[in-house]
Amino acid sequence: MLGINSHGVNNSSGGKFTTTHAGFGTILLGILPHERDRNPNSPYEPDVKFSPGGKVGATPTNQPSPADEINSEYPPPTSAKFKWTPNQRYLLRTLLRAPVLGAAAYSPPDLLQIQLEKLVANCIINPLTVLLDARNGAILYNYALTRTMRLLLSEISLVIRSLPELQYIPNVSSRFDPGRLETLVVSIANKTKDNVSSMQTEIEYINGWIVKRGEELGIVCALNYMVVQMVKGKVAMVARELGDGVPFVEGGDVEVKEGVAQTNEEEEKR
């Protein structure tokens, strides 16, 4: 089972099984097929119930046929439908009936697209605010940062629209258009304008993932690669500065008492 939060959720200090919701939102849930039932790297077949010609389950004319081969390195498209076990069905129903969660169920293709939209927002907001030491709202209404955001989004949009997993899903090009993604990022940054991103941005799993998938698809993501290296460099720089501020003396001649470093000889004189 996969779950995506539309808002921040933090661990509470009250206990291991207590969480704090940072805002109002919903939890998107879905059951994914097991790897033995479906290859996770294979594209999803379009699920069309009705067509203009009246045939049920026909493939739209503006979409490629599932029998066509996208890339020889990827398996052929398969259906996202699979049989649920009784335990999966019971768990999903139980979570959906919990009012405090505000959960909703989605299909695997929809969950993938929602997850990618959240990834896009993290690829822009997290590294920029970390590099600038600013809150999320600082990237708004700034012409220079807006141009930087658009350059990054152009690479991210190209990579996502080229993913084989999304080739047979309708309206992917318009959903992940750079203009729409910019509107999405600005909206999220405005809602979380007072939030601060920590140095632990997991940059390898956001912008680094875009760079990795871009290399697999033959797309050069130079700007995202630069952002990854800059965030790593800043993390290393801060760690080095913190290390330089701590006195390390061989032999144990220095003791820290009441916030002041004193040698053993000075302590004996007192």
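Is N207 buried or exposed? N207 is buried, with a relative accessible area of 0%. Buried here means under 20% relative accessible area, exposed means over 50%, and partly exposed is in between, with a 1.4 Å probe and protein chains only.

Before I go on, some ground rules. Residues are numbered from 1 along each chain as its sequence is written, and side-chain values use heavy atoms, with hydrogens and water left out. The model is predicted, so local features need pLDDT of at least 70 and side-chain atom pairs count only at pLDDT 80 or more, while totals for chains, interfaces and linings use all residues.

pLDDT is the predictor's confidence in each residue, from 0 to 100. The protein chain averages 78, and 68% of the residues score at least 70. Helices (H or I, at least four residues) and strands (E, at least two) are DSSP runs, numbered from the N terminus. Over residues 58-70, pLDDT stays under 50.

Back to N207. N207 sits in helix α6, which covers residues 207-217. Leaving out residues up to four places away in sequence, N207 touches C123, P127, N224, V227 and V228; a contact means heavy atoms within 4.5 Å. A polar atom of the N207 side chain lies 3.2 Å from the backbone oxygen of C123.

The buried residues of α6 are N207, G208, I210, V211, R213 and G214. They pack against α2, α3 and α7. Just after the helix, G218 takes a positive phi of about 80 degrees.

What about C123 and disulfides? A disulfide is a pair of cysteine sulfur atoms within 2.5 Å, and by this rule the count is zero. The closest cysteine sulfur to that of C123 is in C221, and at 10.0 Å it is too far for a bond. C123 is buried at 0% relative accessible area, and C221 is buried at 5%.

Next, the nonpolar core, meaning a set of buried Ala, Val, Leu, Ile, Met, Phe, Trp, Tyr and Cys residues joined through side-chain atoms within 4.5 Å. The largest has 34 residues, and I124, I160 and L166 have the most contacts inside it. Helices α2, α3, α5, α6 and α7 each supply at least two residues of this core. A second, separate core of five residues includes L29, I31, L92 and A103.

Finally, salt bridges. A salt bridge is a side-chain nitrogen of Lys or Arg within 4 Å of a carboxyl oxygen of Asp or Glu. The whole structure has seven. In one of them, the side chains of E117 and R180 meet at 3.1 Å, N to O. E117 lies in helix α2 and R180 in helix α5, so this pair ties together parts that are 63 residues apart in sequence. E117 is buried at 11%, whereas R180 is partly exposed at 35%.

D133 and K234 form another, with the closest N and O atoms 2.8 Å apart. D133 is in the loop between α2 and α3 and K234 is in helix α7, so the parts joined are 101 residues apart in sequence. Which of these two is exposed? D133 is, at 61%; K234 is buried at 12%.

Being three residues apart in the helix, R213 and E216 are separated by about one helical turn. R213 is buried at 9%, and E216 is partly exposed at 39%.

Notes: Polar contact = N/O pair within 3.5 Å; in protein donor to acceptor, adjacent residues only side chain to side chain.
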